[in-house]
Amino acid sequence: MIESRYWFLEEITAVKGDWPSRIKWLRDNDPLGEDCVVLTGSSMRGLDDAIRALAGRRGEVDSSDRVLLPMSFGDLCRALGIALPSTPRLRPMDFQRDVVDAVADQLHPWCNDLVDAWEIYLRVGGFPQGLLRGPTAGANRPSEKPRRDP
Amino acid sequence: MLSEQQIGITLLRARERTDPGSYPRFDSVMYQTTPSRKEIDFVGGGWMDGVPFESKYVDGAWRRDARTATNAYDGVAVLATRSVLDNEGRARAVPAPILALMLEP
């Protein structure tokens with residue numbers, strides 16, 4: 001008996017041709033159908049084609065689609081060393097409630113630094129390499145310097 | 001425009017966190033064109049619970065920019081500014097960086 005294997009196919013959306021159909025064929029006709037296959041890519045359209053082609057062939061994993069997005073603004077603040085108070089995560093529906101005012105009051109004393117950091121965020125787009133390369137030349141920036149995560 | 005884009009991405013990221021796999025469907029955060037041909041930047045289905053979000057990267061007057069959203073929706077509308085914080089009335093102005101931290105601390 002063959003042990004289940006793990007396949008990691010990186011940047012598969014860069015492959016020319018009908019790769020979703022090839023993966024589908026392998027899932028149906030090859031022992032790869034019993035393996036764990038992880039497909040990664042940068043083209044949402046290509047991944048969308050694969051999601052459709054592989055319907056019913058994705059095993060029993062819940063929520064098998066995962067998205068790796070750029071750094072959040074909170075991540076960038078931490079990278080810049082801006083010490084902020086701990087605040088709850090709000091949902092859009094929470095903006096109907098008074099809790100929003102309390103959280104806004106907690107963060108507002110940092111508003112000037114946060115605006116500077118936001119404008120850095122608009123320049124680097126949440127990409128760590130952009131932050132480390134110092135894309136802030138010529139811009140207002142908080143006094144804290146970028147630091148690498150340990 | 002860049003600030004509007006990042007607020008949109010922040011909303012999508014917050015949605016992805018509560019419902020993994022929702023991001024590629026692109027149906028949870030959308031824009032809306034009203035019958036009078038005006039645009040609301042970000043609206044959504046059940047997840048956004050009828051709270052529209054607008055972006056206007058200003059330090060000053062902002063209420064006029066929230067009018068389209070407050071006319072189209074019954075409840076609160078949120079407008080992401082550069083630095084204005086104002087919670088009087090149905091339209092709330094919140095600095096974009098503070099709004100982003102509220103949705104994703």
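Helices (H or I, at least four residues) and strands (E, at least two) are DSSP runs, numbered from the N terminus. Welcome to a predicted model, in which local features need pLDDT of at least 70, side-chain atom pairs count only at pLDDT 80 or more, and totals for chains, interfaces and linings use all residues. Residues are numbered from 1 along each chain as its sequence is written, while chains are lettered from A and ligands numbered from 1 in the order in which they are written.

**View 1. B:G75 sits in the loop between α2 (63-72) and β4 (77-81) of chain B.** With 13 C-beta neighbours inside 10 Å, B:G75 counts as partly exposed; a residue is buried if 20 or more other C-beta atoms lie within 10 Å of its own, exposed if 12 or fewer, and partly exposed in between, with C-beta atoms placed from the backbone. Setting aside neighbours within four places in sequence, B:G75 is in contact with A:Q96, B:G50, B:V51 and B:R90. Here, contact means that the C-beta atoms of two residues, placed from the backbone, lie within 7 Å. Look also for B:D49, 26 residues from B:G75 along the chain, with 9.7 Å between their C-alpha atoms.

**View 2. Chain B has three helices and five strands.** Starting at the N terminus, its elements follow the order α-β-β-β-α-β-β-α. The C-alpha atoms of chain B fill a box of roughly 40 × 35 × 25 Å along the principal axes. Of its 105 residues, 42% count as buried.

**View 3. Here 32 residues of chain A meet 33 residues of chain B in contact.** On the chain A side, the elements giving two or more residues are α2 (44-53), α3 (73-79), α4 (99-107) and α5 (111-124). The largest share, seven residues, comes from α5(A). By class, this side of chain A has 21 nonpolar, six polar and five charged residues; Ala, Val, Leu, Ile, Met, Phe, Trp, Tyr, Cys and Pro count as nonpolar, Asp, Glu, Lys and Arg as charged, and the others, Gly among them, as polar.

**View 4. The largest nonpolar core holds 43 residues.** Such a core is a set of buried Ala, Val, Leu, Ile, Met, Phe, Trp, Tyr and Cys residues joined through C-beta atoms within 7 Å. The members touching the most others are A:L76, A:A117, B:I7, B:V78, B:A80, B:I98 and B:L99. Helix α3 (residues 96-103) of chain B gives the largest share of this core, seven residues. Not counting residues up to four places away in sequence, B:I98 touches A:A104, A:L107, A:H108, A:C111 and A:L114.
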